[in-house]
Amino acid sequence: MVETMHRRQFMGAAALGGLAVGLPAASWAADDFTGLANMAKDAQPIGADEHKVRLAKATQLLRANDMDALLIEPGASLIYFTGVHWWRSERLTAAVLTREGEVAIVTPFFEEPSVRESLGVEAEVLVWNEDENPLAVVAAWLGKRGLSKGRIGIEETVRYFAVDGLKKAMPDVTVVNGAPVVRGCRMIKSAAEIALMSLATDITMAAYRYTAPRVEAGMTPADIGAIMNGATRALGGEPEFALVLLGEASAYPHGSGKPQMVRPGEVVLMDCGCNVHGYQSDISRSWVHGTASARQRQVWDQMREGQRVAFAAAQLGTPAGAVDDAVRAYYEGLGYGPGYKLPGTSHRTGHGIGLDGHEPVNLVRGETTALAPGMCFSNEPGIYIPGEFGIRLEDCFHMTGAGPKWFSEPPTSIDEPIG
């Protein structure tokens, strides 16, 4: 993607790049992934009918939150509401949604044909030339609808220059946070979204089952990541990340830039995900290459129980932060922490997931949003012991009318670490 990499992707790239230089080529180089069938060949992307439902809900939420319109830049939210796949640059492309259900896409004149290719809703396409101000185009369109003094919601990732430009072009508008509208829609996944996330999960799990038996002593993160990503593609998923942490590096959630290789008796931690039609999976597995020590087994079992505690706490109506609280209470009883201190879990128990790998809301201390059907989260309360090793198991779940349901079932033993 043209967008800046997330920290996990950056650290994964750092770990994968530059460490295989001068090392012998591993056997995976000749692997053509024969026998792996495309699991996503019949998967259907989100269609026009679902986009209409999304826009209708956005309209309702705009009214409920006393907003007249919503401004969105390229990214997952633009895809979610309009289907438009685009990138962010100094040349503004954006969408404007009104409380009356009208949609406009503003884009450079020379980009219009390309933008229309993925447009999945009825919308007016407003173009601007290089010597024109795109926010003036937005202002004129809103002004024609009597909104020159309206309340305009801003999707929370929109860049400052666009917000500043809108305020200058429309000095009498009131700019407000559009998160209640965007989150109110995107946090609750539909059956079609759940199905795509389930398929992405199944592909990642199949890729793990292909990759794990092929991990050999002497391999680097780059070697292992290449197998995982190759298998993911062969299975029909688009790889999002393949973070591989070996030995002591597993004690640091996003790894280390120090050279690493697989060694007997040391931890292999993999954190991998893919997408199917944009919807993501995110799964972590940890095991020991060779024979695990008693301490490694103990920490693995404790972490797996922490994951179970989180799942049990994730009940309908429960504040999201209470899930994190439950895990920390359990870990503190084992002598970890307290809180986010190490050894223990230095990060939140989980994050929202969907079109973005990380999206609101999170399973983190103080989060008051109540869990509701359709919400999707990761569950990954890893245990990290600086200078030694870390164990992270990560499986995602979604909330149903009967409570939480796994996308992927967690493994039950360090001896059967994939599941």
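How many aromatic pairs does the structure hold? Nine, where a pair means rings of Phe, Tyr or Trp (its six-membered ring) with centres within 6.5 Å.

Quick ground rules before the details. This is a predicted model, with pLDDT of at least 70 needed for local features and 80 or more for side-chain atom pairs, while totals for chains, interfaces and linings use all residues. Numbering starts from 1 along each chain as its sequence is written, and side-chain values use heavy atoms, with hydrogens and water left out.

Okay, F33 and Y210. Their ring centres are 5.6 Å apart and the planes sit at 45°, so we call this pair tilted (under 30 degrees is stacked, over 60 is edge-to-face, the rest is tilted). F33 is in the loop between helix 1 (7-16) and helix 2 (48-64), and Y210 is in helix 8 (residues 191-211), so the pair ties together parts 177 residues apart in sequence. Helices here are DSSP runs of H or I, at least four residues, and strands are runs of E, at least two, both numbered from the N terminus. F33 is buried at 16% relative accessible area, and Y210 is buried too, at 9%; buried means under 20%, exposed over 50%, partly exposed in between, with a 1.4 Å probe and protein chains only.

Next up, F311 and W406. That pair is stacked, 4.2 Å centre to centre with 10° between the planes. F311 belongs to helix 10 (residues 294-313) and W406 to strand 17 (residues 403-406), 95 residues apart. F311 comes out buried at 18%, and so does W406 at 14%.

R54 has its charged end over the ring of Y80, 3.9 Å from the centre. R328 does this with Y340, at 3.7 Å.

Who makes the contact, taken as heavy atoms within 4.5 Å? From helix 8, I203, T204, A207, Y208, Y210 and T211; from helix 9, I224, I227, M228, A231 and T232.

Key: A charge sits over a ring if NZ of Lys or CZ of Arg is within 6 Å of the ring centre and within 35 degrees of the ring normal. Contact means heavy atoms within 4.5 Å.
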